[in-house]
Structures are given as C-alpha cells and as structure tokens.
Amino acid sequence: MAGRFAPSPTAELHLGNLRTALLAWVYARAAGLPFYVRIEDLDQYRIAAAPGIAQTQLADLAALGLDWDGAVRKQSEHFDVYRAAAATLPTYECFCTRREIAEAAQAPHGSYRPYPGTCANLSAAERDAKRRTRPPAIRVRAERAEFTVHDRFAGAVTRVVDDFVLIRNDRVPAYNLAAVVDDGLQGVTQVTRGADLLDSAPRQAWLATQLGFPAPDYIHVGLAVNESGERLAKRDGAVTLRALSAAGIGVAAVYQLLTNSLGWPETASPQELLALLRRRPELLDSPSIPAPFNPHL
C-alpha cells in the first residue's frame with residue numbers, strides 16, 4: 001500500500017503541479033502510507049528537448065519540504081516490463097491515425113475520446129496490407145467492459161472501457177499501460193492527481209485488474225487555472241519556483257499560497273501541516289481541494 005506523485009519531465013513543475021504533489025504527499029502520509037516519486041519519461045523525444053528537467057523537478061519537491069521513500073523510478077528503464085505485461089492481454093493491431101480516430105469516434109467523453117473499434121476485426125489479409133504502409137499500435141481488446149472506481153470527492157465513477165492503446169506504433173509503451181504496471185508493481189493503492197484524469201481512471205483500474213493488481217482508490221484534485229479559467233501553463237508568467245524566486249517570491253510564500261488555496265490553517269512546513277491534519281482529519285475533505293485553483297498571478 002502506498003501513494004505516489006508521477007510527473008513527466010518535459011517542463012518545470014508549475015504551481016498546479018506543486019499543489020498536486022503536496023496533496024499526494026499529505027494524503028499518503030496522513031494514511032500512514034509510503035510515498036513514492038516516479039518519473040514518467042516515456043516520450044524520449046520531448047524529454048531530450050528539456051534536459052535536466054527531472055532533476056529540477058525533484059529539487060523543487062525537496063525545496064517545498066516533501067520527502068519520498070526509496071529510489072525514484074524512471075519509466076524509461078522498464079520498457080521491457082511494460083511490453084511483457086501487454087503480451088499477457090488480449091490485443092490487436094491498430095493502424096489508425098489520430099485524425100482518422102477523431103473523425104470516426106463518437107463525441108469525446110471528458111478528457112478522452114473512446115476508440116470506435118475500427119481495426120478490431122480486420123482480417124489477416126487486411127492487416128498484412130496495412131502493415132506495408134504503416135506500423136501498427138497495439139490495443140487491448142476490452143469488449144466494451146464497464147468499470148467503476150471510487151474517488152474521494154467524485155464518488156463512484158463508471159465508464160465503458162474502450163480498446164485503448166497499450167503500445168504505440170513506435171513501440172514505446174503507452175502511458176495508460178506503464179502507469180498501471182508501475183502502480184501495481186510498487187504497491188500503489190492511493191492515486192492523487194489532477195481532475196483532468198478522472199475520466200481515464202475506470203479504464204486504468206480495469207486494466208489493473210486484468211493484470212492481477214488491485215484497483216487503487218482515487219483522489220482527483222482541482223487544476224490550477226489562469227484568469228481566463230484555462231489550465232495554468234508557463235506562458236501565464238511566473239508560475240514555477242525559479243521564476244517566482246526571480247520575482248522575489250520565495251518558497252515559503254509559495255507554500256503558504258498552496259496551503260491557503262486548500263482552505264488549511266497556516267503552517268511553517270509540510271511536516272507541521274501533517275501533524276495538524278492528523279489532529280483535524282476533517283480538513284482533508286475541504287471543498288477547496290477538488291475545486292479549480294486560481295493563484296491570481
């Protein structure tokens with residue numbers, strides 16, 4: 001049993017990422033669970049364009065006062081593990097482009113667009129012909145399974161599981177597969193992350209059960225947004241620790257901004273906050289936690 005925070009090292013952590021990391025740490029520690037940090041560096045092309053970001057992210061977490069258990073796991077070191085897991089599942093080759101899927105699929109459901117099954121029943125001859133023009137991705141055959149997860153704030157969330165990609169057509173394991181395998185192997189039973197991923201939780205929990213892992217409990221928390229109500233990004237100005245420091249805003253002030261946004265009393269550190277929350281666990285269900293967070297930058 002454990003909790004985790006798993007950033008992708010393509011850019012420095014912004015205030016929304018740091019808020020989610022703080023929440024993931026608090027919920028895990030408050031429950032007496034180990035807390036792991038994982039670097040989700042599957043996309044090596046994007047990561048190569050942002051050298052050193054993973055170490056910067058770890059340094060930012062430490063600067064905020066967060067600690068973690070064990071070594072940091074890097075997904076790029078475990079591709080064979082993910083491919084072996086995919087090999088145990090019913091799958092099929094898919095030759096669709098993103099544009100073809102967008103044109104053929106039904107309207108998107110929340111944060112993802114269900115795959116319409118275009119390649120699910122191709123004949124051997126059709127697959128052979130398509131392989132000559134495009135390498136295939138590998139999709140799981142879910143047979144439109146229905147799965148329900150429990151989220152601390154959203155309650156029961158039920159979705160139909162589509163035939164989502166396990167291995168991309170460049171042979172790189174897909175996020176949905178790698179994250180589920182990592183959570184299972186690390187014993188992660190509590191997943192705290194942004195609310196934009198709530199709709200994908202049932203498909204990931206379903207996959208966990210297919211691989212013999214328990215489905216985790218979920219805590220989906222509010223995203224940081226700018227003044228226009230759009231998801232916060234670096235283009236919105238000083239939203240990272242380094243940019244804020246250059247503007248004269250220190251880590252202590254950032255920590256207070258984050259805890260204030262959660263409706264929590266002022267404390268000097270995450271450790272002091274944890275001691276307070278253990279005395280007042282009702283604060284862990286503050287309505288500010290799942291609500292969007294506008295840092296008023």
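Reader: Are Arg4 and Asp183 buried or exposed?

Author: Both Arg4 and Asp183 are buried. Here buried means under 20% relative accessible area, exposed means over 50%, and partly exposed lies in between (1.4 Å probe, protein chains only). Keep in mind that this is a predicted model, where local features need pLDDT of at least 70, side-chain atom pairs count only at pLDDT 80 or more, and totals for chains, interfaces and linings use all residues. Residues are numbered from 1 along each chain as its sequence is written, and side-chain values use heavy atoms, with hydrogens and water left out.

Reader: What joins Arg4 to Asp183?

Author: Side chains of opposite charge can pair when their charged atoms come close. The rule for a salt bridge is a side-chain nitrogen of Lys or Arg within 4 Å of a carboxyl oxygen of Asp or Glu. Arg4 and Asp183 form such a bridge, with their closest N and O atoms 3.0 Å apart. Arg4 sits in strand E1 (residues 3-5) and Asp183 in helix H7 (residues 175-186), so this pair links distant parts of the chain, 179 residues apart. Helices (H or I, at least four residues) and strands (E, at least two) are DSSP runs, numbered from the N terminus.

Reader: Where do the partners Asp67 and Arg29 lie?

Author: Their closest N and O atoms are 3.1 Å apart in a salt bridge. Asp67 is in the loop between helix H3 (53-64) and strand E3 (73-74), and Arg29 is in helix H1 (residues 15-30), so the bridge ties together parts 38 residues apart in sequence. Asp67 is partly exposed at 36% relative accessible area, while Arg29 is buried at 13%.

Reader: How do I read a pair within one helix?

Author: An α-helix has 3.6 residues a turn, so residues three or four places apart point the same way. Asp80 and Arg83 lie three residues apart in helix H4 (residues 79-86), about one turn, and their side chains meet in a salt bridge (3.6 Å, N to O). Asp80 is exposed at 60% relative accessibility, and Arg83 is partly exposed at 27%.

Reader: Which residues of H4 are buried?

Author: They are Phe79, Tyr82, Ala85 and Ala86. Seen down the axis of H4, they fall within an arc of 125° (taken from the directions from the helix axis to the C-beta atoms), so they line one face of the helix.
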